[in-house]
Amino acid sequence: MPSTVKAVIARTKGAPVEIVDVIVPDPGPGEAVVRIEACGVCHTDLHYREGGINDDFPFLLGHEAAGLVEAVGEGVTEIAVGDFVILNWRAVCGTCRACARGKPQYCFNTRNATQKMTLTDGTELSPALGIGAFIEKTLVASGQCTKVDPQADATAVGLLGCGVMAGFGAAVNTGGVSRGDSVAVIGCGGVGSAAIAGAAVAGATTIIAVDVDDRKLEWARTLGATHTVNSRSTDPVDAIRERTGGHGADVVIEAVGRPETYLQAFYARDLAGTVVLVGVPTPDLEVTLPMIEIFGRGGALKSSWYGDCVPSRDFPMLVDLYRQGRFDLGAFVSETIGLGDIEQAFTKMRNGEVLRSVVVL
């Protein structure tokens, strides 16, 4: 039978979020219902609330989540009732041209649930990133569920569903950071801090964190940064070069999504170095670079979408590292909150007071 549960929605652009009753259908073919245990408050949810993604209101917010599979639909074999799963918004199809080339991280046909969750009056909801997890239980495509070690703490590992995976993957998957590399990360919020942690796990020996907020720089140190630079008072390009023997870093990760910080990343890399853009720019932003500089410096300019991850490959591996004490996912959890505290969590996030607030249900 369909369930009626409590959830948080954004009903109209810019308005405060609301707790409402939502009807969750029984899962159809290829679908699953997951009882949410924890969900991080991500900046993308705020973008949805403010109309920065699209205008398909009302939105069922939340997407960075973990929980238990409560029911599965016809044809679902990869997960079963009772499995502990992390939700992902890149449920690969396995058959498109990217998947056929063995590059599922670029899947062009990712899947979401076919049925819609609704308000009690029948109004259809648009789930954030195809998930919608500020809710007691949610309906997703079965491929959006990745089974992991059930002993893991949902409050921590749910963050792999978006921001932490995006940052870690930007360093390790997209940037190819390896032992002995020098890495600079510009922007040390949740994603940038995860890139720093990823670089440390991968064996980078020089990790330079750049931000305008000393609180974030201190967080970066606890996650593996060997040097910090406050770019309000110090030119970050000069500082990165100074700390890398005058050469620039092997990999520079831009986690802000602004033209000015992208230019800093470009000029702060070593010859034949790599720039990775993981910060999400708004559609109106542009960057201008001299073509001779692009040619003469060599290397690579890359973008990283969800850390170029393959959830079935990366989530279990990162959970194992977390369980072994080698990747401190718990350090990203600044506070745990309830459904009624999400609006206040948005304010804290805007003010740079938290890495992640996590809703516990």
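Buried means under 20% relative accessible area, exposed means over 50%, and partly exposed lies in between. These legends describe close-up views of a predicted model.

**View 1. Glu50 and Arg49 form a salt bridge.** The closest N and O atoms of the two residues are 3.7 Å apart. Glu50 has 28% relative accessibility, so Glu50 counts as partly exposed. Arg49 has 7%, so Arg49 counts as buried. The pair belongs to a network of salt bridges that links Arg49, Glu50, Glu343 and Arg350. A search of the whole structure finds 15 salt bridges.

**View 2. Arg356 and Glu64 meet through their side chains in a salt bridge.** The N to O distance is 2.8 Å. Arg356 lies in the loop between helix H11 (342–350) and strand E18 (357–360), while Glu64 is in strand E5 (residues 64–72). The pair therefore ties together parts that are 292 residues apart in sequence.

**View 3. Asp213 pairs with Arg215 in a salt bridge.** Here the closest N and O atoms are 3.1 Å apart. Asp213 counts as buried, because its relative accessibility is 16%. Arg215 has a relative accessible area of 41%, so Arg215 is partly exposed.

**View 4. Helix H5 covers residues 190–202.** How does the span of its 13 residues work out? At 1.5 Å a residue, H5 should span 18 Å. The end C-alpha atoms of H5 are 18 Å apart, so the two values agree. Which residues of H5 are buried? They are Gly190, Gly192, Ser193, Ala194, Ala195, Ile196, Ala197, Gly198 and Ala199. The cover over these buried residues includes two helices, H4 (163–174) and H6 (214–222). It also includes strands E11 (182–186), E12 (206–211) and E14 (249–254). Just after H5 comes Gly203, with a positive phi of about 100°.

**View 5. The second largest pocket has a volume of about 330 Å³.** The pocket is lined by 22 residues. Closest to its centre are Glu78, Ala91, Val92, Ser142 and Gly143. Strand E10 (145–147) and helix H10 (311–323) each supply at least two residues of this lining. Which element gives the most? E10 does, with 3 residues. What is the make-up of the lining by class? The lining of the second largest pocket has 9 nonpolar, 8 polar and 5 charged residues.

**View 6. Gly62 sits in the loop between strand E4 (59–60) and E5.** The relative accessible area of Gly62 is 0%, so Gly62 is buried. Which residues are in contact with Gly62, leaving aside its neighbours within four places in sequence? They are Cys39, Asp45, Ala128, Ile131, Gly132, Ala133 and Phe134. Leu46 is 16 residues from Gly62 in sequence. In space, Gly62 and Leu46 are 9.6 Å apart, C-alpha to C-alpha.

Methods: Residues are numbered from 1 along each chain as its sequence is written. This is a predicted model: local features need pLDDT of at least 70, side-chain atom pairs count only at pLDDT 80 or more; totals for chains, interfaces and linings use all residues. Side-chain values use heavy atoms; hydrogens and water are left out. Helices (H or I, at least four residues) and strands (E, at least two) are DSSP runs, numbered from the N terminus. The expected span of a helix is 1.5 Å times one less than its number of residues. Buried means under 20% relative accessible area, exposed over 50%, partly exposed in between (1.4 Å probe, protein chains only). Contact means heavy atoms within 4.5 Å. On a 1 Å grid over the protein atoms alone, a cavity is a set of points where a 1.4 Å probe fits but cannot get out, and a pocket is an open set with protein on both sides within 12 Å along at least five of seven lines; lining residues have an atom within 4 Å of a point. Grid points are joined across faces, edges and corners, and a volume is the space filled by probe spheres set on the points. Ala, Val, Leu, Ile, Met, Phe, Trp, Tyr, Cys and Pro count as nonpolar, Asp, Glu, Lys and Arg as charged, and the others, Gly among them, as polar. A salt bridge is a side-chain nitrogen of Lys or Arg within 4 Å of a carboxyl oxygen of Asp or Glu.
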